[in-house]
Amino acid sequence: MDKKLSRLRRAVASRRKIAQLRVHRLSVHRTNLHIYANIISPEGDKVLVTASTLEPEVRQELANDKKFGGNVAAAAIVGKRIAEKAKAEGIESVAFDRAGFRYHGRVKALAEAAREAGLKF
């Protein structure tokens, strides 16, 4: 079993529970260079809000600070942006889906920044 399959296997239980709860899901995906956050509808068929380190505004902010997309500071920026976009769409609370990644480092920074910006988990 390779790393990706192991991570997806770990994600299955939490995704099943979130599907039972029928709530919006904040899904996080990270790579070595970037971090992505999506808010997915309770039915699981639509991505309602998205934010990532690939967005021009985020890239500009990171370039000003001489930072890259694969660090905790970038994850905090993405967490803040996803919370702001969710509020604009009228989404107040979500279930956090870490997608099999450990709740540590960049994933934790994104979640805490989203909470601080007003999103409820």
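Contact here means heavy atoms within 4.5 Å. By that rule, residues 24 or more positions apart account for 60% of the contacts in the protein chain with a separation of 6 or more. This is a predicted model, in which local features need pLDDT of at least 70, side-chain atom pairs count only at pLDDT 80 or more, and totals for chains, interfaces and linings use all residues. Residues are numbered from 1 along each chain as its sequence is written, and side-chain values use heavy atoms, with hydrogens and water left out.

**Overall build**

- The protein chain has 4 helices and 4 strands. These are DSSP runs, numbered from the N terminus: helices are H or I with at least four residues, strands are E with at least two.
- Along the sequence the pattern reads α-β-β-β-α-α-β-α.
- A compact globule of 121 residues would have a radius of gyration near 14 Å, and the protein chain agrees, with 14 Å. That radius is taken over C-alpha atoms, and the globule rule is 2.2 Å times the number of residues to the power 0.38.
- The C-alpha trace spans about 40 × 40 × 20 Å along its principal axes.
- Of the 121 residues in the protein chain, 39% are buried. Buried means under 20% relative accessible area, exposed over 50%, and partly exposed in between (1.4 Å probe, protein chains only).
- The protein chain exposes about 7300 Å², with 51% of it supplied by carbon and sulfur atoms. Accessible areas come from the Shrake-Rupley method with a 1.4 Å probe; for residues, only the protein chains shown count as cover.

**The sheet**

- Strands of a sheet pair through backbone hydrogen bonds, either parallel or antiparallel. Two strands count as paired if DSSP finds at least two bridges between them.
- The 4 strands form an open sheet in the order β3-β2-β1-β4, with mixed pairing.
- β3 and β4 (95-97) stand at the edges with a single partner strand each, so one side of each has no neighbour in the sheet.
- From one strand to the next, the twist averages 20°. Axes are lines fitted to C-alpha atoms, for helices over the stretch in contact, and angles run from 0 to 180 degrees between N-to-C directions.

**Strand pairs and hairpins**

- β1 (residues 25-30) and β2 (residues 35-40) pair in the antiparallel sense over 6 bridges. A hairpin of 4 residues joins β1 to β2.
- Across this pair, R30 has I35 as its bridge partner. V28 stands opposite A37, and R25 stands opposite I40.
- β2 and β3 (residues 47-52) are also antiparallel, over 5 bridges. Here Y36 has S52 as its bridge partner in β3.
- The hairpin of β2 and β3 has 6 residues between the strands, and its G44 takes a positive phi near 85°.
- β1 and β4 run parallel and are joined by 3 bridges. R25 has A95 as its bridge partner in β4.

**Helices across the sheet**

- Helix α1 (residues 3-21) lies across β1 and β4, running at about 165° to β4.
- Helix α3 (residues 72-89) lies across β1, β2 and β3, running at about 155° to β3.
- The 18 residues of α3 should span 26 Å at 1.5 Å a residue, and its end C-alpha atoms agree, at 26 Å apart. The expected span is 1.5 Å times one less than the number of residues in the helix.

**What α3 and α4 bury**

- The buried residues of α3 are A74, A75, I77, V78, G79, R81, I82, A83 and A86. They pack against β1, β2, β3, α2 (56-64) and α4 (106-116).
- The buried residues of α4 are R106, V107, A109, L110, A111, A113 and A114. Their cover includes β1, β2, α3 and β4.

**After the helices**

- G90 follows α3 and has a positive phi, near 90°.
- G118 follows α4, and its phi is positive too, near 110°.
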